[in-house]
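Me: I have a model open and would like to see how its labels follow from the numbers. Could you go through a few with me?

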Amino acid sequence: MDDFINGVADEQKRADSATLIKLMHKLTKQQPKMWGASLIGFGNHRYESPSSGRQVDWFKVGFSRRKAAISLYLMGLEGEQRAEMLARLGKHKTDGGCVYVKKLADIDMGVLEEMVVVTLKGK
């Protein structure tokens with residue numbers, strides 16, 4: 001995991017990754033684990049695809065430090081509650097269950113913490 005986090009030259013992205021690890025560890029009480037080559041996840045959850053019914057093991061919450069943005073995986077946060085929280089989050093983009101942020105300084109960390117807690121309660 002350290003190789004993955006330190007694999008980018010951008011010091012701010014490395015610091016943001018460390019902050020996310022601390023936050024998600026505190027809230028999940030789980031150790032971070034690499035899921036594949038580029039995802040850091042916390043906990044374990046049996047996920048069923050709504051479209052295919054296929055079941056896979058997945059993490060409860062997680063993130064990936066991508067070149068363009070940090071991908072936050074907060075599946076389970078849906079509907080009006082998700083829309084309301086995203087409206088308060090700050091500068092971001094979304095696609096499916098993922099939330100993309102360029103840097104943590106662009107968002108309200110209290111809202112992110114609230115989103116993680118709500119996601120965990122749904123699993």
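Reply: Gladly! This is a predicted model.

Me: How do you know that the span of H4 is close to the one expected?

Reply: H4 covers residues 109–121 and has 13 residues. From first C-alpha to last it reaches 18 Å, and 18 Å is expected at 1.5 Å a residue.

Me: Why is H3 called roughly antiparallel to H4?

Reply: Their axes come within 9 Å and cross at roughly 160°. Angles over 145 degrees count as roughly antiparallel, so H3 and H4 get that label. The crossing is left-handed. Among the residues that meet there are Met85 and Leu89 in H3, and Leu112 and Met115 in H4.

Me: Which residues of H4 are buried, and what do they pack against?

Reply: The buried ones are Val111, Leu112, Met115, Val116, Thr119 and Leu120. Their partners include helix H2, helix H3 and strand S5.

Me: Strand S5 holds serine 64. Why is serine 64 called buried?

Reply: Its relative accessible area is 0% and buried means under 20%, so serine 64 qualifies. Its side chain reaches the backbone oxygen of serine 38 at 2.4 Å.

Key:
Residues are numbered from 1 along each chain as its sequence is written. This is a predicted model: local features need pLDDT of at least 70, side-chain atom pairs count only at pLDDT 80 or more; totals for chains, interfaces and linings use all residues. Side-chain values use heavy atoms; hydrogens and water are left out. Helices (H or I, at least four residues) and strands (E, at least two) are DSSP runs, numbered from the N terminus. The expected span of a helix is 1.5 Å times one less than its number of residues. Buried means under 20% relative accessible area, exposed over 50%, partly exposed in between (1.4 Å probe, protein chains only). Contact means heavy atoms within 4.5 Å. Axes are lines fitted to C-alpha atoms, for helices over the stretch in contact, and angles run from 0 to 180 degrees between N-to-C directions. Angles under 35 degrees count as roughly parallel, over 145 as roughly antiparallel, 65 to 115 as roughly perpendicular and the rest as oblique. A crossing is left-handed if the near helix is turned anticlockwise from the far one by less than a right angle, and right-handed if clockwise. A polar contact is a pair of N or O atoms within 3.5 Å; within protein, one must be able to donate a hydrogen and the other to accept it, and residues adjacent in sequence count only if both atoms are side-chain atoms.
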